[in-house]
Amino acid sequence: MKEKIEQILTEVKAFHAESKEALENFRIAYLSKKGVIAALFNDFKQVAPEMRKEMGMKLNELKNAVQEILEEQQKQFETTTDTKNDLDLSLPAGMMNGSRHPLSIVRNEINDIFKRLGFVIAEGPEIEDDFHVFSALNFPPDHPARDMQDTFFVTKSPDVVLRTHTSSVQVRVMEQGKLPIRIIAPGRVFRNEAISARAHCIFHQIEGLYIDKNVSFADLKQTLYHFVQEYFGEGTKVRFRPSYFPFTETSAEMDISCNICGGEGCNICKHTGWVEILGCGICDPNILKACNIDPEEYTGFAFGMGIERIAMLKYQINDLRMFFENDIRFLEQFEQA
């Protein structure tokens, strides 16, 4: 058996693999369960006791030699450059042009229009208390209007929530008591809703607030009319429909003529020719009182729109979820936007 092991060891040391396949065949021939070394260890059981120590050392030497050859010759295939690869690794890396997210593009465009009208941007926390999200906005604890919005509660206490609208920013600005007020409040909001093509638990709003002496519904209509003509183009039709919001009185929803079908009727506008884009109204006197503003001296209007809704109209996108999936095939379409 000693001569057999030495003969196999000589053959192993002389082996040189010409390919990965040959090296793999070598491994299987010697180290697999049915390979040469496994067979020798099986024969080792028949070796006389006085010879086992020497034969065991020889077998281990053979096994180690095979493993060393495998490791050494494997390196040549890991470091060898593929001659078919024509890449010049000395060239600088190619860089893809980045782009803004479509929601950021739309938000900035809306901000710019209202800034030209004298509005300034205001921001506030996304984690809010009950007072700024509900109570100060005419939502008493037992008011049925609270059921209009499904809220995420941050703790077991109902006093800490993720804001359901950026109206909380308006409350914080009014609390400062610096009049007149003319702000827009863009930001992310959260509602416990099922995710679908038309709804999401996270979305973005831009809300506006104007408080001064003698502010009327006519001022509100003219402001929003100007925004529509600036953003959607001259000739876009506008209509106001009576509605209900706890924090405004009178309240309305504003529709524009569908810019996809030109008012002829399509799936986007549900074949009506009109698309609702925002809610608005005159500030309820109770809101002003809650923020220590005299409703006898000051009046104001507020409005709010979803950025996703505006972006879907602008880019003719029919699935809101696409804004949140970060699919590069979708985002790269806005590279030049």
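Predicted model: local features only at pLDDT ≥ 70, side-chain atom pairs only at ≥ 80, totals over all residues.

Reader: Okay, how much space lies in the largest pocket?

Author: The largest pocket holds about 1200 Å³ of space. It is lined by 49 residues, and those closest to its centre are Glu276, Ile277, Leu278, Gly306 and Arg309.

Reader: Which element gives the largest share of that lining?

Author: Strand β8 does, with eight residues. By class, the lining of the largest pocket is made up of 22 nonpolar, 15 polar and twelve charged residues.

Reader: And the second largest pocket, what is its volume?

Author: The second largest pocket has a volume of about 210 Å³, and the residues lining it include His101, Arg107, Glu123, Arg188 and His204. Here the largest share, four residues, comes from α5, while the lining as a whole divides into four nonpolar, five polar and three charged residues.

Reader: Switching to charges, how many salt bridges are found in the whole structure?

Author: A search of the whole structure gives 15 salt bridges. In one of them, Asp255 pairs with Arg239, with their closest N and O atoms 2.8 Å apart. Because Asp255 lies in strand β7 and Arg239 in strand β6, this pair ties together parts that are 16 residues apart in sequence.

Reader: Is Asp255 buried or exposed?

Author: Asp255 counts as buried because its relative accessibility is 2%, which is under the 20% cut-off. Through salt bridges that share partners, Arg239, Arg241, Glu253 and Asp255 are joined into one network.

Reader: Which salt bridge partner does Glu297 have, and how far apart are the closest N and O atoms?

Author: Glu297 forms a salt bridge with Lys213, and the closest N and O atoms are 3.2 Å apart. The two are 84 residues apart, with Glu297 in the loop between α9 and β9 and Lys213 in the loop between β5 and α8. Glu297 is partly exposed at 39% relative accessible area, and Lys213 is likewise partly exposed at 44%.

Reader: One last thing, where is Glu264 found?

Author: Glu264 sits in the loop between β7 and β8.

Reader: Why does Glu264 count as exposed?

Author: Glu264 counts as exposed because its relative accessibility is 68%, and the cut-off for exposed is over 50%. The C-alpha atoms of Glu264 and Trp274 are separated by 9.2 Å, with the two residues ten apart along the chain.

Key
Residues numbered from 1 in each chain as written. Heavy atoms only, no water. Buried < 20%, exposed > 50% of the residue type's maximum accessible area, 1.4 Å probe, protein only. 1 Å grid on protein atoms, 1.4 Å probe; cavity = no way out; pocket = protein on both sides within 12 Å on 5 of 7 lines; lining within 4 Å. Points joined across faces, edges and corners; volume = space filled by probe spheres on them. Nonpolar A, V, L, I, M, F, W, Y, C, P; charged D, E, K, R; others polar. Salt bridge = Lys/Arg side-chain N within 4 Å of Asp/Glu carboxyl O.
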